[in-house]
Structure formats: C-alpha cells, structure tokens
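Work through the exercises below with the sequence and the model open. Try each task before reading its solution.

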Amino acid sequence: MLAYIGFNLINSLTSRYIETASILVTPASIPVLYIYSVTFSPILEEYICRGIIFKRLSNKLGFALSALVSSIVFAIPHFNPVAFMGYVFIGFIWCWFYKKSKSLLVPIVSHATFNFITILIMSLKG
C-alpha cells in the first residue's frame, strides 16, 4: 500500500510539468487489461527487471545503483512520461522487496496487486 501511495504522490507531483495522451479504456478492454496486467505483466517484468537486471548488477554495483538502473529499465517501456518517476520509484521498492525476501514471488505479488488496484480505480472512474 505504501508503494501505491508513493507512486501516486510522485506521479501527481511530476504530472503538472509533462503532458501525455490518455489511454482509452473501454468496457470490452477491461477483462483483457486485468488478465494481462495482473498475471502476465508482473511475472515477465519482475523476472526481467529484478530477476535478471537487478540481480546481475547488484553483485557489481551495490543495491542503490543497481536498483536505480533496473527501475529505469522498468519505467521506460511503460511509455508514460507523466508517470516515469512514479514507475522508477515503484521499481526501486520492488528491488528492495526482492532483496529483503530473496524471492521474486514478493515483488510479483506486490506488482500484481498494484496493477489490480490501478485498473480497478481506472474502471470505477469511467
């Protein structure tokens, strides 16, 4: 929950300075969004960003720099300049979760929960 609050705080602070196109969410696209965002995306993204990039870099660069690099790599493919710093922040949190738990399952579940809450809120806003 703290990660979700931090992401939204950073996103709201940086969104005043950057304009972006909004994403069209239709009622028909919501089930597909849930399936992809709550299952496939967290597994794939956490495996690549935490399981490969962060793990390999942390042996050479230490926690902070390797977490920053893997979090930037995580943020870039989301193609959202408004939320870029928020994605970097949440990626950093998930690196910390991975380091502390020594398991990809913790950041995967956190990521899936984050995506579920985000899509749920987007769906309710209409």
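## Exercise 1: The overall fold

Among contacts between residues at least 6 apart in sequence, 67% join residues at least 24 apart. The model is predicted.

**Task.** State how many helices and strands the protein has, and what share of its residues is buried.

**Solution.** 
- Step 1. Count the elements. The protein has five helices and zero strands.
- Step 2. The order is α-α-α-α-α.
- Step 3. Turn to burial. Of the 126 residues, 33% are buried.
- Step 4. The accessible surface is about 7,900 Å², and carbon and sulfur atoms account for 73% of that.

## Exercise 2: The salt bridge

**Task.** Find the partner of Glu46 in a salt bridge, and decide whether Glu46 is buried or exposed.

**Solution.** 
- Step 1. Count the salt bridges. The structure holds one.
- Step 2. Identify the pair. Glu46 bridges to Arg50, and their closest N and O atoms are 2.7 Å apart.
- Step 3. Glu46 and Arg50 are four residues apart in helix H2, so about one helical turn separates them.
- Step 4. Recall the general rule. An α-helix has 3.6 residues a turn, so residues three or four places apart point the same way.
- Step 5. Check accessibility. Buried means under 20% relative accessible area. Glu46 has 0%, so Glu46 is buried. Arg50 also has a relative accessible area of 0%, so Arg50 is buried.

## Exercise 3: Ser71 and its neighbours

**Task.** Work out which residues Ser71 touches, leaving out those up to four places away in sequence.

**Solution.** 
- Step 1. Locate the residue. Ser71 sits in helix H3.
- Step 2. Classify Ser71. Its relative accessibility is 0%, so Ser71 counts as buried.
- Step 3. List the contacts. Ser71 touches Arg50, Tyr87, Val88, Gly91, Phe92 and Cys95.
- Step 4. Link back to the bridge. Arg50, one of these contacts, is the salt-bridge partner of Glu46.
- Step 5. The buried residues of H4 include Tyr87, Val88, Gly91 and Cys95.
- Step 6. Look for a polar pair. A polar atom of the Ser71 side chain lies 3.3 Å from the backbone oxygen of Gly91.

## Exercise 4: The nonpolar patch

**Task.** Name the residues of the nonpolar surface patch, and say which helix gives the largest share.

**Solution.** 
- Step 1. Name the members. They are Leu61, Leu65, Leu68, Val69, Ile72, Val73 and Ile76.
- Step 2. Give the area. Together they have about 500 Å² of accessible area.
- Step 3. Assign the helix. H3 (residues 63-75) supplies five residues, the largest share.
- Step 4. Leu61 lies in helix H2. At 39% relative accessibility, Leu61 is partly exposed.

## Exercise 5: Positive phi in the loops

**Task.** What is the phi of Phe79, and where is Lys102?

**Solution.** 
- Step 1. Start from the general rule. Most residues other than glycine have a negative phi.
- Step 2. Read Phe79. Its phi is positive, about 50 degrees. Phe79 is in the loop between H3 and H4.
- Step 3. Read Lys102. Its phi is near 60 degrees, also positive. Lys102 is in the loop between H4 and H5, just after H4.
- Step 4. Check accessibility. Phe79 has 71%, so Phe79 is exposed. Lys102 has 72%, so Lys102 is exposed.

Conventions: Residues are numbered from 1 along each chain as its sequence is written. This is a predicted model: local features need pLDDT of at least 70, side-chain atom pairs count only at pLDDT 80 or more; totals for chains, interfaces and linings use all residues. Side-chain values use heavy atoms; hydrogens and water are left out. Patches are made of residues with over 30% relative accessible area and no salt bridge: like charges are joined within 9 Å, nonpolar side chains (Val, Leu, Ile, Met, Phe, Trp, Tyr) within 5 Å. Accessible areas come from the Shrake-Rupley method with a 1.4 Å probe; for residues, only the protein chains shown count as cover. A salt bridge is a side-chain nitrogen of Lys or Arg within 4 Å of a carboxyl oxygen of Asp or Glu. Helices (H or I, at least four residues) and strands (E, at least two) are DSSP runs, numbered from the N terminus. Buried means under 20% relative accessible area, exposed over 50%, partly exposed in between (1.4 Å probe, protein chains only). Contact means heavy atoms within 4.5 Å. A polar contact is a pair of N or O atoms within 3.5 Å; within protein, one must be able to donate a hydrogen and the other to accept it, and residues adjacent in sequence count only if both atoms are side-chain atoms.
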